[in-house]
Amino acid sequence: MILIRSTPQFALAHTPVYFLVSNNRQTMEHDSNSNDDNNKRIPVYEIRDVQVSEKEDSFVLSVDLPGVKEQNVDIKEHNFVLTIEALRKSGDTNVCKFYRQFSLDKKSIQPEGIHASLSDGVLTVHIPKRPEPQTLDVTPTSSDPPAEDDFENVFFRLDMPGVKLSDLKVQVKGDDILISAERKKGNSTSSIKRMFTVDDTELDVAKAKAYLSDGVLTLTAPPTKKALVAEENGNENKDGQVTTTTDNAISHRSIPVNKKGAPTQD
């Protein structure tokens, strides 16, 4: 499984990256800090030299940023996209800018724990691993789902003719639903194994229930609080009322960069 993949903003086969595309396609960016009409653009380069290593509890990005000071490094994480921008200066003059984006696997990492340090022109970004989710057993019931679940909470049905309740096993691991069963027919036995991934931001899969009736497996789970709030806001908007929402603090943050020593966490 790929943990991190590069997602440059623009599809180019070479660097520098185009931040602003002018008529003559210069690989430059406007320098907002410059008062000199002849020095309004600086080159912007995609960061190429990136090393990824893995530790027991984290992944580590090592990025070469020669000539860059920690106060000129800007690292942000938003919706599991990590953005690194760095400005190289000579005195008060901006020399160039470095830029790179990375997509993070939400199943593998914890973005709220990301922290970074800069030493000797090398930026080190620590990305904590997400703990392995527990596997929860869901005990199937030999019945149809309750009427209140049949329409609102049902998220999955699977035809399993010939499978008995005693030969069916349903488990939840993170946002994965694991189904295993045996179908016995005469002297032969066939195995059934299925795995499905659900959106755990919409469904509270830890409260999933399973029902087996007439050869059909039905899985239900209540919506999460986040999904209920979103639905309520949507209903209020339909009635003409104005609603406001706040982004989850975990999904949008700036990451401080510490100079040498142990990196600080926000």
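Reader: What is the average pLDDT of the chain?
Author: The model is predicted. Its chain averages a pLDDT of 78. At least 70 is reached by 73% of the residues.

Reader: Where does pLDDT stay under 50?
Author: One such stretch is residues 239-251, with 13 contacts beyond four places in sequence. Another is residues 261-266, with 17 such contacts.

Reader: What makes strand 4 and strand 19 edge strands of their sheet?
Author: Five strands form an open sheet, in the order 4-5-10-9-19 and with mixed pairing. Strand 4 (50-54) and strand 19 (257-259) each have a single partner strand, so one side of each lacks a neighbour in the sheet. On average, neighbouring strands here are turned by 25 degrees against each other, direction ignored.

Reader: How do you know that strand 5 pairs with strand 10?
Author: Pairing takes at least two bridges. Strand 5 (residues 58-64) and strand 10 (residues 122-128) are joined by seven, and they run antiparallel. In this pairing Ser62 stands opposite Thr124, and Val63 stands opposite Leu123.

Reader: How do you know that strand 4 pairs with strand 5?
Author: Again, at least two bridges are needed. Five join strand 4 to strand 5, running antiparallel. The two form a hairpin with three residues between them. Glu54 stands opposite Phe59 of strand 5.

Reader: Why is strand 5 called largely enclosed?
Author: Five of its seven residues are buried, so the rest of the structure largely encloses strand 5.

Reader: What makes Lys129 a charge over the ring of Phe59?
Author: The cut-off for the distance is 6 Å from the ring centre. Lys129 is at 5.0 Å and lies over the face of Phe59.

Reader: How many aromatic pairs does the whole structure hold?
Author: A search finds two.

Reader: Why is the pair of Tyr45 and Phe98 called tilted?
Author: Stacked means under 30 degrees, edge-to-face over 60, and the rest is tilted. The planes of Tyr45 and Phe98 stand at 35 degrees, so this pair is tilted. Their centres are 6.5 Å apart. Tyr45 lies in strand 3 and Phe98 in strand 8, 53 residues apart.

Methods:
Residues are numbered from 1 along each chain as its sequence is written. This is a predicted model: local features need pLDDT of at least 70, side-chain atom pairs count only at pLDDT 80 or more; totals for chains, interfaces and linings use all residues. Side-chain values use heavy atoms; hydrogens and water are left out. Helices (H or I, at least four residues) and strands (E, at least two) are DSSP runs, numbered from the N terminus. Axes are lines fitted to C-alpha atoms, for helices over the stretch in contact, and angles run from 0 to 180 degrees between N-to-C directions. pLDDT is the predictor's confidence in each residue, from 0 to 100. Contact means heavy atoms within 4.5 Å. Buried means under 20% relative accessible area, exposed over 50%, partly exposed in between (1.4 Å probe, protein chains only). Rings of Phe, Tyr and Trp (its six-membered ring) pair if their centres lie within 6.5 Å; planes under 30 degrees apart count as stacked, over 60 as edge-to-face and the rest as tilted. A charge sits over a ring if NZ of Lys or CZ of Arg is within 6 Å of the ring centre and within 35 degrees of the ring normal.
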